[in-house]
Amino acid sequence: MANLWIDPTACKSLAILVESVIAPMLMDHPAPVCLDMEVDSTIEVPTDPVITAELIRSLTRQALEEMADGGDLTVTACETPSGVELEMADTGVDAQDRSYRIPMMAAAIGAQLSWQNCPQGGAAVTVTFPRRDQSLRQVA
């Protein structure tokens, strides 16, 4: 098993964190999965980096379970006025045909998750992370 994992607390860029979490999982997956990433390197990790990494790992694991024979995983991110949105889309089965799980890590950092079908087949989950100042207010 290749270990590309880096210390998430040292990671300031969401793009680097996402790639360092997903890449080893793809290499260990028994079927080929193509990763397409469109995450600007200037987008900062929006919340606690350790919990964010665990959330990404959990969602990637769910996507890979749906692509036992391989497929495509597309990860995009953008900044919005209310926070950062990270979308993970795969070519597995449609959203309504899944028994997806909402990782507890999402609640711990105040992230909202929503699933939808992809036009080309498969499903996508969008994680909406609150702005850092908003997530701090929620904890206080």
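**Salt bridges in the predicted model**

Q: What does glutamate 54 count as, by relative accessibility?
A: Glutamate 54 counts as partly exposed, with 35% relative accessibility. This is a predicted model.

Q: Which residue forms a salt bridge with glutamate 54?
A: Arginine 57 does. Their closest N and O atoms are 2.5 Å apart.

Q: Where do arginine 57 and glutamate 54 sit?
A: Both are in helix α2, residues 49-65. They are three residues apart, so about one helical turn separates them.

Q: And arginine 57, is that buried or exposed?
A: Buried. Its relative accessible area is 16%, and the cut-off for buried is under 20%.

Q: Stepping back, how many salt bridges does the structure hold?
A: Four.

Q: OK, what about arginine 101, which residue does it form a salt bridge with?
A: Glutamate 65, with the closest N and O atoms 3.3 Å apart.

Q: Which parts does that pair tie together?
A: Arginine 101 lies in the loop between β3 (83-90) and α3 (104-108), while glutamate 65 lies in helix α2. So the pair ties together parts 36 residues apart in sequence.

Q: How accessible are the two ends?
A: Arginine 101 is partly exposed at 41% relative accessible area. Glutamate 65 is partly exposed too, at 48%.

Q: New one. Which side chain does arginine 98 meet in a salt bridge?
A: That of aspartate 90, at 2.4 Å, N to O.

Q: What does arginine 98 count as, and aspartate 90?
A: Arginine 98 counts as buried at 14% relative accessibility. Aspartate 90 also counts as buried, at 4%.

Note on methods: Residues numbered from 1 in each chain as written. Predicted model: local features only at pLDDT ≥ 70, side-chain atom pairs only at ≥ 80, totals over all residues. Heavy atoms only, no water. Helix = DSSP H or I, 4+ residues; strand = E, 2+ residues; numbered from the N terminus. Buried < 20%, exposed > 50% of the residue type's maximum accessible area, 1.4 Å probe, protein only.
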